[in-house]
Amino acid sequence: MDWTIIFIIPLLLLIGLAVYLDIRTRRIPNVLTLGGSLVGLALAAIFGSEIFMDRFLGALAVGALWLGFWQLGLVGGGDQKLMLMVGAWLGWSLCIPVLLAVGLCGAIQSVVVMGWRRRQTPALSWRQILSDT
């Protein structure tokens, strides 16, 4: 039996709460991310050692990758811990599709933000540029 659906629904609720808190406070609490990781691993342990090892390796792989991104200054610490939690809930078997989806979402968000900022900043005419010098 595929137990993945049992892990996806609580994970979506945790991610939704993390997104809400991140937008509202610009922080993702450690209690949510690290606690969520532990709950995901504990739930996996209930379903057996094979599922637990899959989830543990997923948390390790995704968490280590995002730790590197954090050290490079590309993501925040909360984002890194959030991805650790995602790895703990979805496991090694879903790491590559999840990472591709996250990368695609990040690219779309970047394009939207660049468009928004460009729209917010009025373009200067040559006359305005030359008159300021």
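Student: How many cavities of 30 Å³ or more does a search of the whole structure find?
Tutor: The search finds one. Keep in mind that this is a predicted model.

Student: What volume does the largest cavity have?
Tutor: About 30 Å³.

Student: Which residues line the largest cavity?
Tutor: The lining is made of V62, V86, G87, L90, G91, L94, C95 and V98. Two elements, α4 (77–90) and α5 (95–120), each give two or more residues to that lining.

Student: Which element gives the largest share?
Tutor: Helix α4 does, with three residues.

Student: How do the lining residues divide into nonpolar, polar and charged?
Tutor: Six are nonpolar, two are polar and none is charged.

Student: Now the surface. Which residues make the nonpolar patch?
Tutor: M53, F56, L57, L60 and W92 make the patch, which covers about 490 Å².

Student: Where does F56 lie?
Tutor: F56 is in helix α3, residues 49–71.

Student: Switching to charges. How many salt bridges does a search of the whole structure find?
Tutor: One salt bridge turns up in the search. It joins the side chains of D54 and R55, at 2.7 Å from N to O.

Student: Is D54 buried or exposed?
Tutor: D54 is buried, because its relative accessible area is 17% and buried means under 20%.

Student: And R55, buried or exposed?
Tutor: R55 is buried too, with a relative accessible area of 6%.

Methods. Residues numbered from 1 in each chain as written. Predicted model: local features only at pLDDT ≥ 70, side-chain atom pairs only at ≥ 80, totals over all residues. Heavy atoms only, no water. 1 Å grid on protein atoms, 1.4 Å probe; cavity = no way out; pocket = protein on both sides within 12 Å on 5 of 7 lines; lining within 4 Å. Points joined across faces, edges and corners; volume = space filled by probe spheres on them. Helix = DSSP H or I, 4+ residues; strand = E, 2+ residues; numbered from the N terminus. Nonpolar A, V, L, I, M, F, W, Y, C, P; charged D, E, K, R; others polar. Patch = residues over 30% accessible without salt bridge, like charges linked within 9 Å, V, L, I, M, F, W, Y side chains within 5 Å. Areas by Shrake-Rupley, 256 points an atom, 1.4 Å probe, with all protein chains shown as cover. Salt bridge = Lys/Arg side-chain N within 4 Å of Asp/Glu carboxyl O. Buried < 20%, exposed > 50% of the residue type's maximum accessible area, 1.4 Å probe, protein only.
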